[in-house]
Amino acid sequence: PYMAFLNISMKHGHKRCGGFLIQKDFVLTAAHCDLGKIVVYLGAHNVTKRERSQQRLAVRRKIPHPKYNNKTWENDLMLLKLKCKAKLTKAVQLVPLPEDGEEVMPRDICNIAGWGNTRARGFSLPSTLQEVNLKVLEADRCTRYPHFVPNSMLCVGDPREVEKSSFQGDSGGPLVCDGTAQGIVSFGKDDGSPPRVFTRVSAYVPWIKKTMRKL
C-alpha cells in the first residue's frame with residue numbers, strides 16, 4: 001500500500017520507476033529517475049487499469065540529493081513533494097523510515113516490489129505489481145561494482161537465486177525489512193543478475209527529514 005508508480009514523460013515516450021510514500025505529501029525514489037515530468041500513482045495494483053483504489057497525484061517539486069553522482073550512482077535518492085496530500089486508505093499507506101544510522105544485517109530477508117522488467121533476456125513489463133523476497137549480503141559480495149560504498153549502499157540478492165532480482169523499472173522502489181524502508185533500488189548489472197545495489201536509507205534520514213521540514 002506504500003508503493004508508488006512513477007510515470008515519467010520524456011521527449012520520446014515514457015519511463016517508469018517505483019517509489020514509496022513516506023508522508024502524505026512526500027514520495028521517496030531514486031535520483032536517477034529524474035528524467036522528465038513525473039506523475040505519481042498511489043494505491044495501484046494493475047497500472048494499465050483505472051482502479052478505484054488509485055490516486056493520481058502531480059509533483060510540485062523534485063528534490064534529488066544535492067550530491068547525487070550519475071557516474072558512480074552515489075547518493076541515488078530523490079524526494080518528490082506532491083501538489084496535494086494523499087488520502088490514506090486501505091490501498092494507500094505510509095511506510096516508516098529507519099532510524100538514523102540503523103543497520104541492516106547480512107542474511108536479513110527483505111521484500112521488494114515493483115512493475116519492472118521481469119525477464120533478463122528480452123523485455124516484459126508486467127502490468128501488475130510483482131513482489132519478491134531478497135537476502136541482504138555482506139558488503140564484500142558487491143566488489144564487482146567498483147563504486148560500491150558500504151556506508152551508503154546495501155548489497156542485496158543471492159547470486160544463486162538468479163530469477164529473484166530487482167530489475168529495470170523497479171528503480172526507486174523500496175527494500176522493506178521488518179516493515180521499514182531500508183533501501184532504494186539503485187543499480188546493478190545490465191542483465192539483472194544479483195547481487196544488486198540499493199541506496200542505504202538510514203544513511204540519509206537526517207537529509208530526508210530536514211528537506212521535508214523546509215518544504
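Predicted model: local features only at pLDDT ≥ 70, side-chain atom pairs only at ≥ 80, totals over all residues.

Guide: Residues are numbered from 1 along each chain as its sequence is written, and side-chain values use heavy atoms, with hydrogens and water left out.

Visitor: How many residues does the largest nonpolar core have, and which have the most contacts inside it?

Guide: A nonpolar core is a set of buried Ala, Val, Leu, Ile, Met, Phe, Trp, Tyr and Cys residues joined through side-chain atoms within 4.5 Å. Buried means under 20% relative accessible area, exposed over 50%, and partly exposed in between (1.4 Å probe, protein chains only). Here the largest such core has 43 residues, and Leu 6, Ile 22, Val 40, Leu 79 and Ile 208 have the most contacts inside it. Among the elements that each supply at least two of its residues are β2 (13-23), β6 (78-82), β11 (180-187) and α1 (205-214); helices (H or I, at least four residues) and strands (E, at least two) are DSSP runs, numbered from the N terminus.

Visitor: Which residues is Ile 22 in contact with?

Guide: Contact means heavy atoms within 4.5 Å. Neighbours within four places in sequence aside, Ile 22 is in contact with Leu 28, Leu 79, Leu 94, Val 95, Leu 97, Ile 208 and Met 212.

Visitor: Which way do the side chains of β6 point?

Guide: In a regular strand the side chains alternate between the two faces of the sheet. In β6, Met 78, Leu 80 and Leu 82 point one way, Leu 79 and Lys 81 the other way, and all are buried.

Visitor: Which strands pair with β6?

Guide: Strands of a sheet pair through backbone hydrogen bonds, either parallel or antiparallel. Two strands count as paired if DSSP finds at least two bridges between them. β3 and β6 pair in the antiparallel sense over four bridges, with Thr 29 opposite Met 78. β5 and β6 are also antiparallel, over five bridges, and Lys 62 stands opposite Leu 80.

Visitor: In what order do the strands close into a barrel?

Guide: Six strands close in the order β7-β8-β9-β12-β11-β10, with antiparallel pairing.

Visitor: How many salt bridges does a search of the whole structure find?

Guide: A salt bridge is a side-chain nitrogen of Lys or Arg within 4 Å of a carboxyl oxygen of Asp or Glu. The search finds six. One of them joins Lys 62 and Asp 34 at 2.8 Å, N to O; Lys 62 is in strand β5 and Asp 34 in the loop between β3 and β4, 28 residues apart.

Visitor: What does the salt bridge of Arg 200 and Glu 103 tie together?

Guide: The closest N and O atoms of this pair are 3.6 Å apart. Arg 200 is buried at 12% relative accessible area, whereas Glu 103 is exposed at 53%.
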